[in-house]
Amino acid sequence: MAKSLVPVIVVLFVSLLPLAAMAVGTPFHIEGCVYCDTCRFGFETIATKYIHGARVRIVCKDRVTLKSELVGVAVTGPNGKYKVAVRGDRQDQQCLAELVHSPLSRCQEADPGRSTATVILTRSNGAASTRHFANAMGFFRDEPLRGCAALRKRYLADGDVRAI
């Protein structure tokens, strides 16, 4: 019985070997966007402007040694979107997309709540795709645009004027 299973196991192993090799060599593709929060609300609105030419980096930190490693950099396109390929499976490392620079002189301050985005760079979590999306990250405009107070009222719950 054991002798009859050996060829089946060998064929199964040999047929799965190319799939495993391909998964190891295939990079992850991280996509995201960068915006200017023109009203300083801390989230995207209809007044949000997406930034062309913003710089973003992908940094992974080892959970044991706490050593950080730069694994990718990107610049946003005309619609504020970026794409970056990252090679290697980062297992249980903590990886973040981070804002580096905004080319807009009036929109330089990184929003502390939206200046980084967690990205998962492992194949050990059950996700089959190599395409991963990072949350949008933003910079605050120096001074809110005119009309932002009226816009805030549109985003508030009915009658909740105390938050203004």
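Trainee: Which cysteine does a disulfide join to Cys 39?

Mentor: This is a predicted model, in which local features need pLDDT of at least 70, side-chain atom pairs count only at pLDDT 80 or more, and totals for chains, interfaces and linings use all residues. Residues are numbered from 1 along each chain as its sequence is written, and side-chain values use heavy atoms, with hydrogens and water left out. A disulfide here is a pair of cysteine sulfur atoms within 2.5 Å. At an S to S distance of 2.0 Å, Cys 39 is joined to Cys 148.

Trainee: Is the link of Cys 39 and Cys 148 left-handed or right-handed?

Mentor: Good one to check on the model. Look at the angle about the S-S bond, which is -75° for Cys 39 and Cys 148. That link is left-handed.

Trainee: Are Cys 39 and Cys 148 buried or exposed?

Mentor: The cut-offs come first: under 20% relative accessible area is buried, over 50% is exposed, and in between is partly exposed (1.4 Å probe, protein chains only). Cys 39 comes to 4% and Cys 148 to 7%. Cys 39 therefore counts as buried, and Cys 148 is likewise buried.

Trainee: Where in the chain does Cys 107 lie?

Mentor: A disulfide with an S to S distance of 2.1 Å joins Cys 107 to Cys 36, and with 115° about the S-S bond this link is right-handed. The pair links distant parts of the chain, 71 residues apart, with Cys 36 in strand β1. Cys 36 is buried at 3%, and Cys 107 is buried at 1%. The place of Cys 107 is the loop between β6 (94-101) and β7 (109-110).

Trainee: What is the torsion about the S-S bond of Cys 60 and Cys 95?

Mentor: A disulfide joins these two, S to S 2.1 Å. Cys 60 is in strand β3 (residues 55-61) and Cys 95 in strand β6, 35 residues apart, and both are buried. The disulfide is right-handed because its torsion is about 110°.

Trainee: What pattern do the disulfides of the protein follow?

Mentor: A search of the whole structure finds three disulfides. Bonded cysteines are counted along the chain, and this gives the pattern 1-5, 2-6, 3-4.

Trainee: Is the pair of Phe 43 and Tyr 155 edge-to-face or tilted?

Mentor: Now for the rings. Those of Phe, Tyr and Trp (its six-membered ring) pair if their centres lie within 6.5 Å, and planes under 30 degrees apart count as stacked, over 60 as edge-to-face and the rest as tilted. Phe 41 and Phe 43, with centres 5.6 Å apart and planes at 35°, are a tilted pair. For Phe 43 and Tyr 155 the centres are 5.7 Å apart and the planes at 70°, so the pair is edge-to-face.

Trainee: Which residues form one aromatic cluster?

Mentor: Phe 43 sits in the loop between β1 (28-37) and β2 (49-50) and Tyr 155 in helix α2 (residues 148-155), so their pair ties together parts 112 residues apart in sequence. Phe 41 counts as buried at 13%, whereas Phe 43 is partly exposed at 33% and Tyr 155 is partly exposed at 39%. The cluster consists of Phe 41, Phe 43 and Tyr 155.

Trainee: How much accessible area do Phe 43, Ile 46 and Tyr 155 have together?

Mentor: These residues form a nonpolar patch on the surface, and Ile 46, in the loop between β1 and β2, is exposed at 60%. Patches take residues with over 30% relative accessible area and no salt bridge, joining like charges within 9 Å and nonpolar side chains (Val, Leu, Ile, Met, Phe, Trp, Tyr) within 5 Å; a salt bridge is a side-chain nitrogen of Lys or Arg within 4 Å of a carboxyl oxygen of Asp or Glu. Areas follow the Shrake-Rupley method with a 1.4 Å probe, and for residues only the protein chains shown count as cover. Together the three have about 300 Å².

Technical notes. Helix = DSSP H or I, 4+ residues; strand = E, 2+ residues; numbered from the N terminus.
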